[in-house]
Protein chains: 2
Amino acid sequence: MINLDIFNLSSREIALLIFLAQNRAAEKEIEITTTQLANFFNISQQTASRCLLKLDEMKVVTWKSSPKGSLVKLKPAGIHILDQLRFELEKALHPDLTSITLKGTVFAGRGEGKYYVSQPAYMKSFRSQLGYEPFHGTLNIRISAHYIDYLDLIRGSWPIIIKGFESEERPFDDVLCYPLKVVGLDAKVAGIFPRRSHYGANVLELISKVNIREELNLENDDEVVIEFPLKQKEGSD
Amino acid sequence: MINLDIFNLSSREIALLIFLAQNRAAEKEIEITTTQLANFFNISQQTASRCLLKLDEMKVVTWKSSPKGSLVKLKPAGIHILDQLRFELEKALHPDLTSITLKGTVFAGRGEGKYYVSQPAYMKSFRSQLGYEPFHGTLNIRISAHYIDYLDLIRGSWPIIIKGFESEERPFDDVLCYPLKVVGLDAKVAGIFPRRSHYGANVLELISKVNIREELNLENDDEVVIEFPLKQKEGSD
DNA sequence: ATTACTATTTTGCGAGTAG
DNA sequence: TCTACTCGCAAAATAGTAA
């Protein structure tokens with residue numbers, strides 16, 4: 001059984017998400033009325049209302065309704081559904097594609113990645129989920145403009161999820177790991193997106209059992225080539 | 001009201017199309033059982049059976065069922081639904097994008113385009129639908145490898161449809177016109193895909209009121225830059 | 001093993017209408 | 001105008017089972 005948010009939505013709800021995103025509801029609240037939606041999709045006003053309600057309940061949009069109309073904005077979870085869909089579609093339309101290649105350059109981060117990755121509670125989960133305990137630090141890659149779109153594609157794939165936890169000071173979110181390969185390096189690598197980053201973001205952090213920077217003798221501004229494998233299960237369950 | 005095949009399908013049926021395409025059912029018949037599908041999508045075997053039946057009835061797949069299992073293959077109409085979805089998704093995820101740019105080179109066709117375009121029955125329709133009667137000939141463009149993917153994206157947009165007709169000798173299909181712009185040329189241009197061409201195809205034929213080849217002084221192998229505008233209606237009906 | 005029929009339950013739609 | 005409730009009906013899902 002596959003595990004995608006898409007299956008929890010009807011095709012109308014997916015179409016509504018697409019419509020909202022096309023009208024920039026990913027960036028800002030947009031005004032809309034259920035009657036407009038009803039006309040656009042050729043459904044009843046009631047159904048349009050119910051669709052919005054459901055998207056709101058599923059926490060993929062924020063929705064403020066009033067007797068004057070509605071204000072809607074996509075939440076990250078809503079954008080993520082579109083990303084997932086795009087990822088699956090890309091694989092469907094290019095079944096021969098075996099990997100996605102990205103290029104970027106090394107830069108010095110502010111050590112935040114290191115701080116998070118080093119949390120002992122994460123470490124245990126890394127070992128069981130990734131099969132290794134990563135080096136206590138991340139390699140920051142600024143993905144080149146031309147490849148940013150591919151970064152969003154990767155975001156649409158199903159990650160390995162390192163469960164978050166609560167510490168005394170603050171909560172630590174889930175860490176989403178995308179297994180990938182760094183050209184020239186044998187060790188397994190995983191990419192993680194910096195917290196709260198989203199569209200237009202061009203930074204990817206790499207973790208690995210080894211210190212990638214040392215292993216590949218990388219200086220800041222050196223180019224790194226990354227490959228994201230598209231291993232798809234062939235028709236099994 | 002918008003007009004997309006997607007709305008005639010449930011999200012499960014869309015997911016099923018994606019699944020089939022991912023498993024290469026766009027190229028060849030694949031073996032599958034309704035039980036496998038049921039497990040994969042976490043639905044009942046009966047529902048999986050009915051999904052396939054519906055896709056078959058909608059003529060988006062060919063389906064041969066037997067007590068030993070099923071053989072399924074996507075028809076062009078099925079692939080086209082995925083294209084439409086991809087086109088809408090691209091617009092949703094890149095709402096700032098105003099056009100798609102393609103590059104290709106001129107080559108000499110075998111005059112087939114000219115033969116079709118010159119049919120008087122098409123001409124009348126061209127005038128009413130495109131606003132002009134095209135020059136009696138097409139300019140053949142071989143799209144460069146890097147841009148072929150964009151060609152499929154254009155295919156997913158809703159074309160201007162020039163209705164086909166029956167002549168004494170043979171039937172003439174609908175002509176699907178995609179309005180676009182040739183850089184350096186003021187006249188309106190429309191792109192049409194050669195008959196029966198599909199994936200991997202890299203040829204686009206251009207029609208215009210003027211003789212593009214003469215107007216731009218083009219020789220074979222000259223490069224042409226094409227822009228496909230992504231004008232999307234903003235939230236109206 | 002399959003596919004796919006029938007019966008039953010559940011879900012979902014639109015009309016009418018209240019707030 | 002809006003949103004969004006209830007209600008009656010229609011469509012679609014599952015379970016059981018036949019072929």
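The accessible surface of chain A in this predicted model works out at about 11800 Å², and carbon and sulfur atoms hold 50% of that. Of the chain's 237 residues, 49% count as buried.

Now for the interface. The size of an interface is often given as the accessible area lost when the parts come together. For chain A and chain B, that buried area is about 3700 Å², with 58% of it on carbon and sulfur atoms. On the chain A side, Q22(A), F40(A) and L93(A) stand out, supplying 17% of the area that chain A buries against chain B, more than any other three residues. Counted by residue, the contact draws 44 from chain A and 43 from chain B.

Polar and charged pairings turn up here too. Between the two chains there are 4 salt bridges; E90(A) and R86(B) form a salt bridge in which the closest N and O atoms sit 3.4 Å apart. Polar contacts across the interface come to 12 residue pairs, both residues at pLDDT 80 or more. The elements giving two or more residues to the chain A side are helix 1 (11-22), helix 2 (34-41) and helix 4 (76-93) of chain A. Helix 4 of chain A makes the largest contribution, at 11 residues. By residue type, the side of chain A that touches chain B splits into 20 nonpolar, 12 polar and 12 charged.

Methods:
Residues numbered from 1 in each chain as written. Chains lettered and ligands numbered in written order. Predicted model: local features only at pLDDT ≥ 70, side-chain atom pairs only at ≥ 80, totals over all residues. Heavy atoms only, no water. Contact = heavy atoms within 4.5 Å. Buried area = accessible area lost by both parts, 1.4 Å probe. Salt bridge = Lys/Arg side-chain N within 4 Å of Asp/Glu carboxyl O. Polar contact = N/O pair within 3.5 Å; in protein donor to acceptor, adjacent residues only side chain to side chain. Helix = DSSP H or I, 4+ residues; strand = E, 2+ residues; numbered from the N terminus. Nonpolar A, V, L, I, M, F, W, Y, C, P; charged D, E, K, R; others polar. Buried < 20%, exposed > 50% of the residue type's maximum accessible area, 1.4 Å probe, protein only. Areas by Shrake-Rupley, 256 points an atom, 1.4 Å probe, with all protein chains shown as cover.
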